[in-house]
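User: Hi! I am new to reading protein structures. Could we walk through this one together?

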Amino acid sequence: MDVPLPHLDRPFDYLVPEALDADARPGVRVKVRFAGQLVDGWLLERAESSEHPKLAYLEKVVSPVPVLSPEVARLARAVADRYAGSLADVLRLAVPPRHARAEKAVTAADAPATDAPAPDGSPASAGGTAPDGVPAEAADADARPGGRAEVDPRGWRDYPAGPALLRALTDGKPARAVWSALPGEDWADRYADAVAATVAGGRGAVVVVADARDLDRLDAALTAVLGAGRHVRLTAADGPARRYRAFLTARTGEVDVVIGTRAAMFAPVRRLGLVAIWDDGDDLHAEPRAPYPHARDVLLTRAQLGDVAALVGGYARTAEAQLLAETGWAREVVADRAVVRARTPALAPTGDDPQLARDPGAASARLPSLAWTTARDALRADLPVLVQVPRRGYVPSVACADCRAPARCPHCAGPLALPSAQGTPACRWCGRVAAAYACPECGGRRLRASVTGARRTAEELGRAFPGVPVRTSGREEVLASVPGGAGLVIATPGAEPVAEGGYGAVLLLDSWALLTRADLRAGEEALRRWMAAAALARPGTAGGRVVVVADGALAPVQALLRWDSAWFAARELAERRELGFPPAVRMASVTGVAEAVADLLAGARLPGDAEVLGPVPADEGRERMLVRVPRSRAAAMAEALHAAAGQRSARKAADPVRLQVDPLTLF
């Protein structure tokens, strides 16, 4: 039942009236009477009998279309157990809300009646046709001896294990790979090759990306390789009708490939052969709704349950991906160092000793002379220059010019910001204007910039390079691409447009804003953002240069200079093993008012080797406790926390508690 109460997280038996017998198939949406109310539910299974002597009847079959496949139902149950959540919460994420108008084109006769295999062992939905709808025996005259089309490895030849990966996908083998992409790599084309190899083997694929811009690139690449109409996009940004129509298209087996943002991680693809995710370190892959699953972990669970191939790729590598490689669950797909050196732009820091000797002001300057001359040389060569700035806006944070104390809103204590050069300071939280601001520490009324945003950076560089066009790309307006010789492009992380032929120079400014965050993943996140921007530069042999305004001795900077994110990920993983942090261990965050957190943990039968850490302040008067267990005890921890939450909901405890397993942010 679609009831968000942990103590009701189990199946319930109902009788099926004769009038609903034909429509009441596993996977359909139903309405049932429960505790005197009519509630929504999912029909999971039909049985001949029940252990319960007295049962109520189904009230209604909402739609005869079985939108919940058995494979997705099993996956949803596994995800709920993994994240100490309820099946109903996961099913809300897995199946989009019904849209009656979009469903009209799909009748009960068109919908799949069963997901059982045919007598010969092949899926019943295969229908004797190849993926493009022609008879299977006539498909592709250029088929290999095994009857499957050969896929040209193309760009995968730059990686020694790449062609073998494509062959394994074509042969339907459950290959698992962690891919480190080369600089300048068109990752969308490589993913399209992997999907094409999977489809050539008669199986389907699910690919998840972080945002709409990446989805557009992958969409175009797949259309070029597979042809139009061979895949669908599944993303919440497309709206309810279009999203539900795409979902039904995949559920009825009309297409074998689904791509999308995290909304696609549960996509019901038949004959699934590949699950893939690009840039798994992006925090957009983490679902903000209960039970807060991460798209990477959902796809890996899906690969494990279905014995299908998995591909985790990115320019940078996360500690979680490194763990997959070190445990042998997945194989590394990396290029030889000679190829890496040939494809990498010339990388240089501004904070190492030789540079400081030449430019003593480089340690404090926002645009040191090395960065300025690099940009000037690229512009003189009529090559575009990308400048990455961590923060959007004009001046997103200000401080007292006299005592340097952070400027806070007098009403809510939120940070004050300047919207423009002549603008009045305003609070970023409540929006109130602080025109008569006076520093509570020293009484000063003058303000200075603590953090410089993208628009202020564009203004400064416009003065530094007069006559050069300056464009910005951020959350307000994301540039898809930049023509050659387009001048300066100021972008926030994740919004860097692709330039024709690559950028002549990439400047990575304000590195301290990324490296000094109080976060476990600060170094990993900084390297991920830097490598994503540096990958857009031309190779060093073609004049491409990257300057990072940071000390060259720092580990993330060293990994960038050598283009070796695997080394940094291994280092991070080793340190987290030593300190007992994820992914080396499993941790759960329990957040709420102090009494509620203590009540839940007191009722939880945690494993004997569980460590309870805290409390630490959270927000809005709440506190947070952390529970840490070895990875082998993760299931027991999740089960204990879920059971304790069920006990509290059964006795109608007033104060809610938020449970998160392996949250991205621990502190």
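This is a predicted model: local features need pLDDT of at least 70, side-chain atom pairs count only at pLDDT 80 or more; totals for chains, interfaces and linings use all residues.

**A walk through the model**

User: Which residue of strand 3 stands opposite V30?
Analyst: Strand 1 (residues 29–34) pairs with strand 3 in the antiparallel sense, over three bridges. Opposite V30 you will find V61.

User: What span should helix 8 have, at 1.5 Å a residue?
Analyst: Helix 8 covers residues 295–306, which makes twelve residues.

User: Which elements do the buried residues of helix 8 pack against?
Analyst: The buried residues of this helix are A295, R296, D297, V298, L299, L300, R302 and A303. Their packing partners include two helices, helix 1 (70–82) and helix 9 (319–326). The strands they pack against are strand 4 (176–180), strand 5 (204–208), strand 8 (272–278) and strand 9 (309–314).

User: At roughly what angle do the axes of helix 4 and helix 5 cross?
Analyst: Two packed helices are described by the angle between their axes and the distance between the axes. The axes of helix 4 (residues 162–170) and helix 5 (residues 187–200) come within 7 Å and cross at roughly 35 degrees.

User: Which residues of helix 4 make the contact with helix 5?
Analyst: On the helix 5 side, the contact uses D193, A194, A197, T198 and A200. By class, the contact has five nonpolar, two polar and one charged residues. From helix 4 come L166, L169 and T170.

User: How many disulfides does a search of the whole structure find?
Analyst: A disulfide needs two cysteine sulfur atoms within 2.5 Å. For C409, the nearest cysteine sulfur is that of C430, 3.7 Å away; for C442 it is that of C400, 3.5 Å away. The number of disulfides found is zero.

User: Is C409 buried or exposed?
Analyst: Buried means under 20% relative accessible area. C442, at 41%, counts as partly exposed. With a relative accessible area of 5%, C409 is buried.

Notes
Residues are numbered from 1 along each chain as its sequence is written. Side-chain values use heavy atoms; hydrogens and water are left out. Two strands pair if DSSP finds at least two bridges between them. Helices (H or I, at least four residues) and strands (E, at least two) are DSSP runs, numbered from the N terminus. The expected span of a helix is 1.5 Å times one less than its number of residues. Buried means under 20% relative accessible area, exposed over 50%, partly exposed in between (1.4 Å probe, protein chains only). Contact means heavy atoms within 4.5 Å. Axes are lines fitted to C-alpha atoms, for helices over the stretch in contact, and angles run from 0 to 180 degrees between N-to-C directions. Ala, Val, Leu, Ile, Met, Phe, Trp, Tyr, Cys and Pro count as nonpolar, Asp, Glu, Lys and Arg as charged, and the others, Gly among them, as polar.
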